[in-house]
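Please open the structure in your viewer and keep the selection panel at hand. The tour below goes from one selection to the next and says what is there at each stop.

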Amino acid sequence: MQIPTFPILRQGEVYVSLDTQDIKAVRGGEVAARTTVANSGMLNRDLLAMAKAREALKAIPARELLAICQRAGEYFLNDTLPLGHPAIPQSPDAYVKQLASTSGLPHALIRMNLKRLGNVFAEMPTVIKGLTRGLDLEIFDKGYGSQMGVPVSYAVQADCLGVIMPSNSPAVNALWLPAFVMKVPVVIKPGREEPWTPWRVIQALLKAGAPKEAFSFYPTGHDGSGAIIRRAGRVMLFGDDSTVAQYANDPRIEVHGSGRSKILIGEDKIENWRDYLDVLVEAISANSGRSCINTSSIVVPKYAAEIADAVAERLAEITPKAPEDESAKLSGFANPMMAEWIDGAIADGLKESGARDASLPFRGADRRVERDGMHYLLPTIVHCASFENELSNKEFLFPYASVVEVAQADMLAQIGPSLVVTAITEDKRWIDELLDAPNIDRLNIGPVPTNRISWDQPHEGNLFESLYKRRSISMAA
């Protein structure tokens, strides 16, 4: 069987470098694909010429770009598309198997993410409406317009959007996709084990009629990533806490790190906590706990021990299965050293006083297990006496959460920055405090799992506000 080779795309033009890197299958270790690797010198040169790519998008009305995007969704979901160079055909089923082979994700979760991405293409009108707060698409064509009778103008801030992708979940590609409709070319550095999804997204858009100049694709190392971060006018960066902390105060960079999303149960609802077990289990375990919108802490005014035990018992039903098993919900780790590190970090945290592994009686002694050459971490719930324990506010790439008991009046002061907070309450005074809380990025009121998204609500940050700046405008009659 031919091994796919991912080339470099320089404004859509294929370039094959002599420097290559193998991507090996998680099971068996055979070479599943190769990437040709761009160096920082190439990126430094190419990023100086992105104005040409921007001109190619400016020439097409935004409504046509939106239509291209919606057509591309059907191709992404259903069509056989060219893979790599020389091109070989990739069906949707082949995509699922190839991504599974290098990522450790089971087929069922990949298909779920495939469908989610397909929905982003289809729902792009609603996505753009949410990001722009209802501006007419012509704002991207003319640079000015009106909103509620008031003249408005927006100026683009960059010739391209640099995207430093992770390997943990295919659906994160949804976050850069609106840039295409906003007429900003993308420069993508794919994740080490996950070039499959951004490549397929690009091929679907090209088949739908997108200009090739809109897409640059650079498999590269740390030096190349650094060049993109330095040279691209705007950057979307995914990484761990230590990576994103370096750029947290750089207005050019939209950082996507740990979400530390939480579910808070109010005093008025805590007596009925059993009614919300399904919400808690879904929020922790959906997508194998790999998303920043998965719940990583449950904060309650009482019954923390009982809630931790009940959630742990439910999550213990999630066990490693063959990747092809349609009931598989737990992802393996492409890098076994990552599983070992996470397991060690949890073990170290449990040595502190006030932390208890509530999953231990239901899971057994070993959190880290192996099946058919794949490494897994079994779901883990830790009951923490307070937020002073380091495990109380941690996020890991598997179904993990802490349960912490805190008085309702003290919750907002203790939970820290949180990407998503679901507050299960009808307490009007507390809801007002939640609405005022600056440390909550997205707020759900009521029993809504943190992993549920709305197409008209920005996921994390606002890409439109990153790429475009509002300016005053006056036009003579």
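Is Met148 buried or exposed? Select Met148 and show the surface: the residue is exposed, with a relative accessible area of 85%, where exposed means over 50% relative accessible area, buried under 20%, and partly exposed in between, using a 1.4 Å probe and protein chains only. Before going on, note that this is a predicted model, in which local features need pLDDT of at least 70 and side-chain atom pairs count only at pLDDT 80 or more, while totals for chains, interfaces and linings use all residues. Residues are numbered from 1 along each chain as its sequence is written, and side-chain values use heavy atoms, with hydrogens and water left out.

Stay with Met148, which is found in the loop between strand S8 (144–147) and strand S9 (150–156); helices (H or I, at least four residues) and strands (E, at least two) are DSSP runs numbered from the N terminus. Its phi is near 55°, a positive value in a residue other than glycine. Most residues other than glycine have a negative phi, and most peptide bonds are trans.

Next select Lys183, in the loop between helix H8 (178–181) and strand S11 (186–189). Phi of Lys183 is also positive, near 70°, but Lys183 is buried, with a relative accessible area of 1%.

Then go to Pro86, which is found in the loop between strand S6 (81–83) and strand S7 (88–90), and look at the peptide bond from His85 to Pro86, which is cis, with omega near 0°.

Now select helix H4 (residues 92–103) together with helix H9 (residues 196–207), which pack at an angle of about 155° with their axes 10 Å apart. Axes here are lines fitted to C-alpha atoms over the stretch in contact, and angles run from 0 to 180 degrees between N-to-C directions. H4 and H9 are therefore roughly antiparallel to each other, a term that applies to angles over 145 degrees. To see the contact (heavy atoms within 4.5 Å), show the side chains of Pro92, Tyr95, Gln98, Leu99 and Thr102 in H4, which meet Trp196, Thr197 and Arg200 in H9.

Finally, zoom out to the whole protein, whose secondary structure comes to 18 helices and 24 strands. Along its principal axes, the C-alpha trace spans about 65 × 60 × 35 Å, and of the 477 residues 56% count as buried.

Terms used. Angles under 35 degrees count as roughly parallel, over 145 as roughly antiparallel, 65 to 115 as roughly perpendicular and the rest as oblique.
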